[in-house]
Amino acid sequence: TGKRKFVIKKSLKNWEIVLPTNLFIRIHRSYIININQISKIEKSNLNQYSVLLNNFNNPIQVSRRFYKNLKKLSLN
């Protein structure tokens with residue numbers, strides 16, 4: 001909010017429980033993303049997926065373990 005910054009240290013598992021599942025999705029052991037910020041989902045030749053987010057230039061790899069979460073969104 002504004003220019004104020006807050007730091008909260010919690011595990012991603014805790015965030016996964018707290019954040020609303022209709023807005024956030026876990027796609028990797030290191031990433032939970034806002035589904036409203038997904039601009040594109042790409043599939044490589046090796047059946048690996050990556051997510052491109054609005055206002056973020058680097059693609060984020062989707063792990064095989066968490067791909068099923070992304071597939072449930074049926075955004076492909």
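Predicted model: local features only at pLDDT ≥ 70, side-chain atom pairs only at ≥ 80, totals over all residues.
Trainee: How should I read a sheet, and which order do the strands take in the open sheet here?

Mentor: Strands of a sheet pair through backbone hydrogen bonds, in either a parallel or an antiparallel manner. In this model, three strands form an open sheet in the order 3-4-5, and their pairing is antiparallel.

Trainee: Which strands stand at the edges?

Mentor: Strand 3 (38-43) and strand 5 (60-62) do; each has a single partner strand, so one side of each lacks a neighbour in the sheet. From one strand to the next, the twist averages 30°.

Trainee: Over how many bridges do strand 3 and strand 4 pair?

Mentor: Strand 3 and strand 4 (residues 49-53) are joined in the antiparallel sense over five bridges. As an example to locate, I38 has L53 in strand 4 as its bridge partner.

Trainee: Which helix packs on the sheet?

Mentor: Helix 2 does, and it touches strand 3, strand 4 and strand 5. The direction of helix 2 makes about 95° with that of strand 5.

Trainee: Let us turn to the largest pocket. What volume does it have, and which elements supply its lining?

Mentor: The volume of the largest pocket is about 240 Å³. Helix 1 (12-18), strand 1 (24-28) and helix 2 (64-72) each supply at least two lining residues. Strand 1 gives the largest share, three residues.

Trainee: How do the lining residues divide into nonpolar, polar and charged?

Mentor: Six are nonpolar, two polar and three charged.

Key. Residues numbered from 1 in each chain as written. Heavy atoms only, no water. 1 Å grid on protein atoms, 1.4 Å probe; cavity = no way out; pocket = protein on both sides within 12 Å on 5 of 7 lines; lining within 4 Å. Points joined across faces, edges and corners; volume = space filled by probe spheres on them. Helix = DSSP H or I, 4+ residues; strand = E, 2+ residues; numbered from the N terminus. Nonpolar A, V, L, I, M, F, W, Y, C, P; charged D, E, K, R; others polar. Pairing = 2+ DSSP bridges. Axes fitted to C-alpha atoms, helices over the stretch in contact; angles between N-to-C directions. Contact = heavy atoms within 4.5 Å.
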